[in-house]
Amino acid sequence: DWSSDVCSSDLVGAFPPDSGVSHWTADGNIVSYTAEETGDAIGGFNNDGWLDKLKIDVLEASDGSVWVSAFQTGVTRMRPATDGNPAGATYLHLTRDNSRLNMRHVISISEDPHGQIWFCASGELVSGDFNSGIDVLTDVDNPFDPGSWISIRASNSLIAGEGLFGVSFEGDQVAWLVVNGVGLQRFIYGPGTGLDPARLMDAGSWRKIVALPESRPPNLTTARKLAIGPDGRHWVATDGMGLFSFTYTAGPISTSFVQIGRASCRERV
């Protein structure tokens, strides 16, 4: 996997499996961070490398930290050295055993405009646990403080399903959730200063969109990713239904959308 640098044209890539992370810089150089962690959550981490297991997602945050999830292990926050030397990087690990990160398989990591980190799980069974929901780290400098976390689950919110493929942000108040087996959910998560827990059970803060147009039977149940373009148009990638593009409206979305699929592409040839 890979993600674009929010501050420049650099890229960060996590590959190959069970290895580390490579950083492609704007001048064409590649810096590899491959050392693996030598400690463990029970005995204590040495914070000298990555958690093991397959790397699932990578995010370069606005403060320069690189967040990487490892399959069934947890999440690593790596802060590169100022001179770029991999030996000077510092690592910190979050797991279910040492933090409020309450999932074994973080499938997606996102940062909202307020610097809060959202960790999503896809809702499948992992090692006997139901891996679901979102854990939000609201204070990135104090990740081991229980007060730095807000969990979003079906039991404490109006979230439409137990599993998430990802979160995208529109402005500084709205999050778009891609919900496993459901479709999309628009969540007005706060007043512009961060996630407000009071919004979790506020029906007016949530809107579920399972089809485009909304008058049709559900056709977004296989949605996998949503991105918002610079023109404000929303793009939704699905597994098997093609690509949808729409402009959000407060009323029913019935005309301001386009579905691009194999059939429509053949018709245009």
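The lining of the second largest pocket is made up of 5 nonpolar, 5 polar and 7 charged residues. Here Ala, Val, Leu, Ile, Met, Phe, Trp, Tyr, Cys and Pro count as nonpolar, Asp, Glu, Lys and Arg as charged, and the others, Gly among them, as polar. A pocket is an open set of points on a 1 Å grid over the protein atoms alone, where a 1.4 Å probe fits, with protein on both sides within 12 Å along at least five of seven lines; lining residues have an atom within 4 Å of a point. This is a predicted model, in which local features need pLDDT of at least 70, side-chain atom pairs count only at pLDDT 80 or more, and totals for chains, interfaces and linings use all residues. Residues are numbered from 1 along each chain as its sequence is written, and side-chain values use heavy atoms, leaving out hydrogens and water.

Now let's visit Gly123. Look for Gly123 in the loop between strand E10 (117–120) and strand E11 (125–126); strands are DSSP runs of E with at least two residues, numbered from the N terminus. Is Gly123 buried or exposed? Its relative accessibility is 14%, so Gly123 counts as buried (under 20% relative accessible area, with a 1.4 Å probe and protein chains only). Leaving aside neighbours within four places in sequence, Gly123 is in contact (heavy atoms within 4.5 Å) with Phe130, Asn131, Ser132, Glu162 and Gly163. Although Gly123 and Leu164 are 41 residues apart along the chain, 6.7 Å separates their C-alpha atoms.

Our last stop is a sheet. Its 4 strands form an open, antiparallel arrangement in the order E19-E20-E21-E22, where two strands pair if DSSP finds at least two bridges between them. Strands E19 (223–228) and E22 (257–260) are at the edges with a single partner strand each, so one side of each has no neighbour in the sheet.

Note on methods. Buried < 20%, exposed > 50% of the residue type's maximum accessible area, 1.4 Å probe, protein only.
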